[in-house]
Amino acid sequence: MKKTLLFISLFVGAASPAFALNDEDIASKVLAQHQDGPEIRPLNWLNEKFLERQRNSVNDIVGTHFGQKIQGNKRDLALLQRIINEDLIKNNETQDLQALGAVLGDVFVHENDKFQWVVYEDELGPTQAVCIKETSHCLFPITMLSRRMEVGLKPNVNKVYESALNDLAEFLPKTPYSVD
């Protein structure tokens with residue numbers, strides 16, 4: 001009984017304004033744990049197999065419902081949009097929703113040779129990401145569509161794609177004749 005009361009006391013105390021952490025406190029604690037930033041490393045065999053299973057899952061849906069195959073290029077954005085619009089994956093089927101993100105990530109990598117699939121590991125753990133080569137500027141396409149769909153939204157795949165590209169545009173290497 002004493003342990004329960006102590007827990008409740010600590011819980012209530014943590015909620016009071018005297019113990020509240022502001023954004024700066026939280027940021028400093030997170031940064032203190034990861035002063036060097038995230039670890040970014042190449043995909044290993046298991047990561048490759050995971051992405052392959054995700055692609056195959058989407059390819060099965062596309063083949064069954066549309067009589068097509070994913071190509072790994074920008075044309076796949078329309079196929080992803082059709083899957084979303086036709087509710088072919090329910091919003092509680094997280095793994096299948098995330099498979100859409102693997103295909104989206106392939107589009108990022110195919111359409112821009114400065115991007116690559118990597119393992120991005122931070123305080124939350126490892127995940128597959130698409131990063132600008134030799135930087136820690138990354139996109140997380142696995143969840144770009146799934147998180148929106150899990151709450152009942154039907155994202156516009158082209159807008160998600162273009163918005164992500166715009167977010168990283170300033171970090172992409174410039175060519176000698178590019179206009180800033």
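Predicted model: local features only at pLDDT ≥ 70, side-chain atom pairs only at ≥ 80, totals over all residues.
Rings of Phe, Tyr and Trp (its six-membered ring) count as a pair if their centres lie within 6.5 Å; planes under 30 degrees apart are called stacked, over 60 edge-to-face, and the rest tilted. With that in mind, Phe108, Phe115 and Tyr161 form one aromatic cluster.

Residues are numbered from 1 along each chain as its sequence is written, and side-chain values use heavy atoms, with hydrogens and water left out.

Let me turn to the pairs. The structure holds 3 aromatic pairs. One of them joins Phe108 and Phe115 edge-to-face, at 6.2 Å centre to centre and 80° between the planes. Are these two residues buried or exposed? Buried means under 20% relative accessible area, exposed over 50%, and partly exposed in between, using a 1.4 Å probe and protein chains only. Phe108 counts as buried because its relative accessibility is 0%, and Phe115 counts as buried because its value is 2%.

Another pair, Tyr120 with Phe140, is also edge-to-face, with 4.9 Å between centres and 85° between the planes. Tyr120 lies in strand 2 (residues 115–122) and Phe140 in the loop between strand 4 (138–139) and helix 6 (141–144), so the pair ties together parts that are 20 residues apart in sequence. Here helices (H or I, at least four residues) and strands (E, at least two) are DSSP runs, numbered from the N terminus. Tyr120 is buried at 13% relative accessibility, whereas Phe140 is partly exposed at 31%.

Next, the nonpolar core. By this we understand a set of buried Ala, Val, Leu, Ile, Met, Phe, Trp, Tyr and Cys residues joined through side-chain atoms within 4.5 Å. The largest has 39 residues, and those with the most contacts inside it include Phe108 and Phe115, together with Leu100 and Leu104. Which helix gives the most to this core? Helix 5 does, with 8 residues. A second, separate core of 5 residues includes Val118, Tyr120, Ala129 and Cys138.

Contact means heavy atoms within 4.5 Å. Leaving aside neighbours within four places in sequence, Phe115 is in contact with several residues, among them Phe108, Val130, Ile132, Leu139 and Leu165.
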